[in-house]
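Try each task before reading its solution.

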Amino acid sequence: MRSRGFTLIELLVVIAIIAILAAILFPVFARAREKARQTSCTSNLKQYALAALMYAQDYDERMVPRYYRYDPAVAGGPNWCDNLLVPYTKNLQLRNCPSTNAKSYGYNLDYLNWQPLANILSPSETVMICDVKMCANAGANPSWSVSVHKPSDLGSPLPVPATDEDANPCPGDPNDCARARGVHNGGCNIAFVDGHVKWMKTGSFYYSQNPTDKWFDRN
């Protein structure tokens, strides 16, 4: 007795079922993988937040500056993630978000740069560090920044862009103005000044807020 093989129709049905299952499951797997990366990113930011608070205790309760300039007339200098917090974290790998494999964390430069802790009235509601998009550098080329600019630098009210989740700069943004980025399943990891880390949609803390810099100012 000969064994019966698959007919062409049966084979096509099986392939169609597999394709449907793959279309359903692949996005689920992608979200699960990104969730794992988000968790690793949360750990990075938690270590940075604690390091920044230890830095403040060692420097007259002042928040870490974005840059420490030996000569104020010289631009740039040692910055918070590459240099100033390394003695506390002992780990340069923290600079890279697992979802970007790049130095894509931005410090709240405008409101926290070398500020006394006593000036920060709502530390649990003030952004210290968060995921950022690329921005155009002085040469108008896309690059990563180690700071995140306050929303009012970009407009008021500031709508959520269609490109919120990708790394590319938003068209029309000024040079060297990095935005927060919804890189983790449409949201952003944020380390606050009190040391806690939270995932939030960018629309909930960066865009269309009243006042515009609600989560960035020191009030």
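Predicted model: local features only at pLDDT ≥ 70, side-chain atom pairs only at ≥ 80, totals over all residues.

Residues are numbered from 1 along each chain as its sequence is written, and side-chain values use heavy atoms, with hydrogens and water left out.

**Exercise 1. Describe the surroundings of Thr126.**

Step 1: Thr126 sits in the loop between helix H4 (109-112) and strand S4 (127-131). Helices (H or I, at least four residues) and strands (E, at least two) are DSSP runs, numbered from the N terminus.

Step 2: check burial. Thr126 is buried, at 0% relative accessible area. Buried means under 20%, exposed over 50%, and partly exposed in between (1.4 Å probe, protein chains only).

Step 3: list neighbours. Leaving out residues up to four places away in sequence, Thr126 touches, among others, Asn108, Leu112, Phe192, Trp215 and Arg218. Contact means heavy atoms within 4.5 Å.

Step 4: look at the side chain. The side chain of Thr126 reaches the backbone oxygen of Ser122 at 2.7 Å.

**Exercise 2. Is Glu61, with its positive phi, buried or partly exposed?**

Step 1: read the angle. Glu61 is not a glycine, yet its phi is about 55 degrees.

Step 2: locate and classify. Glu61 lies in the loop between helix H1 (8-58) and helix H2 (80-84). At 40% relative accessible area, Glu61 is partly exposed.

**Exercise 3. Trace the salt bridges of Lys150.**

Step 1: set the rule. A salt bridge is a side-chain nitrogen of Lys or Arg within 4 Å of a carboxyl oxygen of Asp or Glu. The count by this rule is six.

Step 2: pair Lys150 with Asp110. Their N to O distance is 3.6 Å. Lys150 lies in the loop between S6 and S7 and Asp110 in helix H4, so the pair ties together parts 40 residues apart in sequence.

Step 3: pair Lys150 with Asp153. Here the N to O distance is 3.0 Å.

Step 4: compare burial. Lys150 is buried at 17% relative accessibility, whereas Asp110 is partly exposed at 33%.

Technical notes: Polar contact = N/O pair within 3.5 Å; in protein donor to acceptor, adjacent residues only side chain to side chain.
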